[in-house]
Amino acid sequence: MPTHDAFIATDFPDLTDAHFVEDALAVSKTIPSAWYVHPAYHEVDRRYIFERSWQYVCASDQLKNPGDHVTDMVAGNPIIVVRNKENRLSAFYNVCKHRGGPLSMDACGHEKVLQCKYHGWTYLLDGSLRGVPRFDRTELFDKKDFGLTPIAIEEWQGMVFVCLDPAHAPLFEHVIKGIEERIAPTQLGTLQFHKRDNYAVKANWKVYVDNYLEGYHIPLVHPDLISVLDFRSYQTETNDFYSLQFSPIKDGEHGYGSSADHAFYYFIFPNMMLNILPGRLQVNRVDAQDNKACNTVFDYYYSSITPADLEGRIKADLAFSDQVQQEDVEICEYVHRGLASNAYDQGRFSYDLEGGVHHFQILLKRAYKACKKELDAR
Ligand code: FES
Ligand SMILES: [Fe+2]
C-alpha cells in the first residue's frame, strides 16, 4: 500500500526461526526484552502490524449527518472519516495531494466540502478534487489524478474501523467473529458515545498490552478492583485474533451490576480492547509513539447519558477508570525500565493467569515471522 517503501530487509532486526517457535503456555518463555525496547522494532510494528490490522477510530454516532467528519492518527498516518452525501462512511488519508496539507485540523467537525487548510484546494466528500485556486497556468495537470487516497473502512456495533493495508490484513468479519454471540444479550451498538480521554505512557506499547492481558496483577496493583470482580473465577479464552478475560461481577455497592452479570475484557490483536460491563463499554486503542512510549485512547460509551447519570453512575465510572489506569500506567513504566535493564531478557508465564499474554506473544511471533519471510524474498 505505501508508495514510498523505504523499509528494507536490512532494517529488520536479527531474528531466526528459533525466535518464532510457538512453545505451549506451560513451557514457554516470554518474548525477548529487545522486542519491547530496541528501536528497530518500532518501524516493523508500525508497517507490518498496525498497518495490517483493523484499527478502531471512533463511534458511528460521532458521524451522524452528511458532512460530519472525524480525524485521527492511525499507525502513524493522519486520517479523516467522513459521512458522505449518500449517507455512507468513507475514510481517506487526511493529506492534500498538493503539498501534503491537512483537510481538517480538528478532531471532529462538519463541512460540505473538504478544504485543505494550507492553500485551499477543495475536495468533495467522495474524495475527488474539485477546486484548485490559481492553477490555470500549471501544465499537464488533471484534477482526476489528484483525488484523496481512500482507506478501507468497516462499521460494527456502532464503532468505526479502518485498515491501511487490507490486502495483508485478515477480513474484518474474521477478526470479530463470535464476539456478538458471546456477549449476548448485550448489544454494544445500542450504547451511546460519551467522551474520549488519552493517557501518555512512558512504556513500549507491548508492555501495556501484556499488562492488560492478565489478571495476575490485580491483587497488588488494583486492590479496589477486587471488590468488583470475582477474581477467583477469572477465566481467559482465546480465539484467532482476540482473547477474552471473563469474570463474574461481585455483589456490592460499586454500581457495576450484581453477581448475575459479567465483565468481558476483549483484547483484539494488535492494540484494541473492549471493556464491557453492564450498560457500559470502554474502548481502548494503544498507539505506539516510539520504542519507549505509547498513547492509550479511552472512549467511553453508556446505555444512558442523562444529567442524573452524568452526576452519578458515569462520574463514578470515569473516576474509577482513571484510578485503575493511573495504577496501570505507573506499573507499566516501571516494567519498561526493568525490561530495558541489564538484568532481564526472558521470563515465564503463570499457566492459570497469563494465557492471554502468551496468546498475544504468539500472534506477535507470527507477524514477525511473516514480515521476515516477505523481506527475505525481496
Ligand atoms: S497543501 Fe493543500 S492546498 Fe496546498
Ligand atoms: Fe491493570
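Tutor: Arg134 lies in the loop between strand E8 (129–131) and strand E9 (150–156); helices (H or I, at least four residues) and strands (E, at least two) are DSSP runs, numbered from the N terminus. The model is predicted, so that local features need pLDDT of at least 70 and side-chain atom pairs count only at pLDDT 80 or more, while totals for chains, interfaces and linings use all residues. Residues are numbered from 1 along each chain as its sequence is written, and chains are lettered from A and ligands numbered from 1 in the order in which they are written.

Student: Why is Arg134 called exposed?
Tutor: A residue is buried if 20 or more other C-beta atoms, placed from the backbone, lie within 10 Å of its own, exposed if 12 or fewer, and partly exposed in between. Arg134 has 8 other C-beta atoms within 10 Å, and is therefore exposed.

Student: How do you know whether Asn87 is buried or exposed?
Tutor: The count for Asn87 is 9 other C-beta atoms within 10 Å, so Asn87 is exposed.

Student: What makes His262 partly exposed?
Tutor: His262 has 18 C-beta neighbours inside 10 Å, and therefore counts as partly exposed. His262 belongs to strand E14 (residues 262–268). Beyond its neighbours within four places in sequence, His262 is in contact (C-beta atoms, placed from the backbone, within 7 Å) with Phe246, Ser247, Pro248 and Ile249.

Student: Which peptide bonds are cis?
Tutor: Among them is the bond from Ala184 to Pro185, with omega near 5°; Pro185 is found in the loop between helix H4 (179–183) and strand E11 (192–201). Another cis peptide bond joins Phe269 and Pro270, where omega is about 10°, and Pro270 lies in the loop between E14 and strand E15 (272–277). Most peptide bonds are trans.

Student: Why is H5 called oblique to H8?
Tutor: Helix H5 (residues 205–212) and helix H8 (residues 313–339) pack at an angle of about 125°, with their axes 9 Å apart. That angle makes H5 oblique to H8, because angles under 35 degrees count as roughly parallel, over 145 as roughly antiparallel, 65 to 115 as roughly perpendicular and the rest as oblique. Axes are lines fitted to C-alpha atoms, for helices over the stretch in contact, and angles run from 0 to 180 degrees between N-to-C directions.

Student: Which residues meet where H5 packs on H8?
Tutor: Val207, Tyr208 and Asn211 in H5 meet Asp328, Ile331, Cys332, Val335, His336 and Leu339 in H8. Of the residues in H8, Asp328, Cys332, His336 and Leu339 are among those that are buried.

Student: How do you know that the length of H8 agrees with its number of residues?
Tutor: The expected span of a helix is 1.5 Å times one less than its number of residues. The 27 residues of H8 should therefore span 39 Å, and its end C-alpha atoms are 38 Å apart, which agrees.

Student: What is the corresponding result for H9?
Tutor: The 22 residues of H9 should span 32 Å, and its end C-alpha atoms are 31 Å apart, which agrees.

Terms used
Contact = placed C-beta atoms within 7 Å.
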